[in-house]
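Hi,

Here is the structure I promised to pass on to you. Have a look at it first, and then read on for my notes.

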Amino acid sequence: MSTVAEADIAHLFHPYTNLERHPETGPLVITHGKGVRVYDEAGKDYIEGLAGLWCTALGWGEERLAEVAAEQMRTLPFYHLFTSKAHQPGVRLAEALAALAPVPDAKVFLACSGSEANDTAIKMIWYRNNALGRPAKKKIIARERAYHGVTVATASLTGLPVNQRSFDLPIAGILHTGCPHYWRYGEKGETEEQFAARRAEELEKLILAEGPDTVAAFFAEPVMGAGGVIVPPAGYFEKIQAVLKKHDVLLVADEVITGFGRTGTMFGSETFGLKPDMMTVAKGLSSGYLPISALIVAGHVYEPIKAEAGRIGVFGHGLTYGGHPVPAAVALETLKIYAERDILGHVRKVAPALQDGLRALQQHPLVGEARGLGLIGAVELVADKDARTPFDPKLAVGAKVVAKAQANGLILRAMGDAVALAPPLIVSEGEIVEILSRFRAALDEAHGELEAAGVLGE
Ligand SMILES: Cc1ncc(COP(=O)(O)O)c(C=O)c1O
């Protein structure tokens with residue numbers, strides 16, 4: 001029989017992987033996990049510095065979630081929500097999310113992934129504007145470096161070249177406005193507030209150039225994740241929302257990463273004062289234990305959709321596994337655990353250790369900027385600290401640091417030369433110290449190699 005690694009190379013088509021190089025590097029096969037750690041086939045342990053894919057908030061080995069899943073499997077392993085059917089976990093989850101989310105008169109649509117929730121949001125926006133008799137108001141604006149998923153429509157919203165290049169994307173009707181990264185795009189002498197105002201003006205110019213009666217919605221992650229963990233500058237969302245309101249453009253908050261405590265409040269929208277018309281959540285909703293997502297829509301968004309479905313005879317959209325009872329039961333239990341263990345209080349308590357430690361890395365010769373809040377952050381690696389000159393992408397310095405971290409027992413993720421950190425929310429202060437020390441070791445080793453190769457400036 002082949003080993004797992006051999007079978008992987010022979011048959012598994014990996015997502016987000018250099019497929020050409022994969023047969024040489026082979027897979028890292030993870031067998032189990034406990035708390036913030038996962039273990040490979042050889043028994044080596046790694047701290048999961050990104051909570052898997054920003055999702056495993058409660059860490060590995062949470063027995064209560066396993067129990068609830070097993071129990072739900074026995075009672076009702078499948079039922080759906082089509083044609084007025086319902087089941088208790090789906091309904092109770094919708095009720096719980098409507099109560100938690102800062103979305104007025106909320107209705108909750110359940111799906112299986114962040115991409116599906118955002119894709120559904122796009123379809124609902126189009127459907128609603130047809131219902132309101134304004135069929136031209138359909139364009140959607142996202143931001144450069146945004147990440148909203150990988151379906152045809154959501155990869156079009158995503159503002160990262162790898163998600164579009166050679167995929168024949170973006171589709172028509174999707175527009176991008178500037179990224180709110182002050183350190184990278186702020187001009188000399190410009191304050192954060194002035195930069196935020198400039199980004200809001202650019203957005204308004206774009207809306208006016210396209211025609212406000214053609215622009216339907218604006219998508220935003222409160223903190224951009226896969227684009228490199230970009231925290232918005234002071235005043236940004238206040239200014240952006242004033243523009244959206246003026247031109248009757250809906251705000252969709254993509255809380256797939258920031259939902260359920262990551263930034264120290266239940267939703268990033270609360271941290272940054274967003275008043276979304278629609279909100280998407282996934283990942284932390286079930287602590288990543290089972291695939292589930294939700295689109296939470298305000299009453300004023302729902303009402304015209306309801307009326308249109310009445311005219312047509314059915315709302316012609318739904319996913320076989322959307323709101324599946326097993327992930328729904330696990331999500332409900334996850335929300336219960338967050339409340340019982342005061343996960344928000346814990347995040348606020350330990351976040352300074354992570355953020356202060358990250359800021360201390362700012363002194364490292366490879367680090368141009370250390371940024372973040374709550375339990376999410378990143379360092380941006382640069383060839384020249386003062387000039388903020390990026391490395392030649394061919395050097396793949398971010399990937400090098402991630403490989404060094406992995407050898408030191410810390411799993412991180414590089415987005416270009418931004419290296420991200422978003423540990424499980426249950427991480428302790430002691431574990432944060434370990435994470436930061438492994439991270440620093442990886443930076444030192446990568447620095448040593450780059451220096452020896454003569455690719456660093458003076
Ligand atoms: C902000 C955000 N939106 C949407 C998605 C897409 O979610 P999924 O991978 O579950 O489709 C992600 C995934 O990382 C994300 O970070």
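Leaving aside its neighbours within four places in sequence, which residues is Pro-180 in contact with? Before the answer, please keep in mind that this is a predicted model.

Pro-180 belongs to the loop that runs between β6 (174-177) and α8 (182-185). Beyond those sequence neighbours, its contacts are Arg-143, Phe-195, Arg-199, Met-224, Ile-230, Val-231, Pro-232, Pro-233 and Tyr-236. Take Met-224 as an example: 44 residues separate it from Pro-180 in sequence, yet the C-alpha atoms are 9.0 Å apart in space. Pro-180 has a relative accessible area of 1%, and since anything under 20% counts as buried, Pro-180 is buried.

The next loop position I looked at is Glu-190, between α8 and α9. With a relative accessible area of 11%, Glu-190 is buried too. Leaving out neighbours within four places in sequence, Glu-190 touches Tyr-182, Phe-195 and Arg-198.

Now to helix α10, which spans residues 236-246. Its buried residues are Tyr-236, Phe-237, Ile-240, Gln-241, Val-243 and Leu-244. Viewed down the helix axis, they fall within an arc of 160°, so they line one face of α10. What do the buried residues of α10 pack against? Their partners are β5 (139-143), α9 (192-210), β7 (215-220), β8 (250-254) and α11 (268-272). On the face turned away from the buried side sit the exposed residues Glu-238, Lys-245 and Lys-246. Just after α10, Asp-248 has a positive phi of about 55°.

Finally, a helix pair. The axes of α5 (residues 88-100) and α13 (residues 325-340) come within 8 Å and cross at roughly 40°, so the two helices are oblique to each other. Their crossing is left-handed. On the α5 side, the contact is made by Pro-89, Gly-90, Arg-92, Leu-93, Ala-96, Leu-97 and Leu-100; α13 contributes Pro-325, Ala-328, Ala-329, Ala-331, Leu-332 and Leu-335. By type, the residues of this contact comprise 11 nonpolar, one polar and one charged.

Happy to talk any of this through.

Best wishes

Definitions and conventions: Residues are numbered from 1 along each chain as its sequence is written. This is a predicted model: local features need pLDDT of at least 70, side-chain atom pairs count only at pLDDT 80 or more; totals for chains, interfaces and linings use all residues. Side-chain values use heavy atoms; hydrogens and water are left out. Axes are lines fitted to C-alpha atoms, for helices over the stretch in contact, and angles run from 0 to 180 degrees between N-to-C directions. Helices (H or I, at least four residues) and strands (E, at least two) are DSSP runs, numbered from the N terminus. Angles under 35 degrees count as roughly parallel, over 145 as roughly antiparallel, 65 to 115 as roughly perpendicular and the rest as oblique. A crossing is left-handed if the near helix is turned anticlockwise from the far one by less than a right angle, and right-handed if clockwise. Contact means heavy atoms within 4.5 Å. Ala, Val, Leu, Ile, Met, Phe, Trp, Tyr, Cys and Pro count as nonpolar, Asp, Glu, Lys and Arg as charged, and the others, Gly among them, as polar. Buried means under 20% relative accessible area, exposed over 50%, partly exposed in between (1.4 Å probe, protein chains only). The arc is that of the directions from the helix axis to the C-beta atoms.
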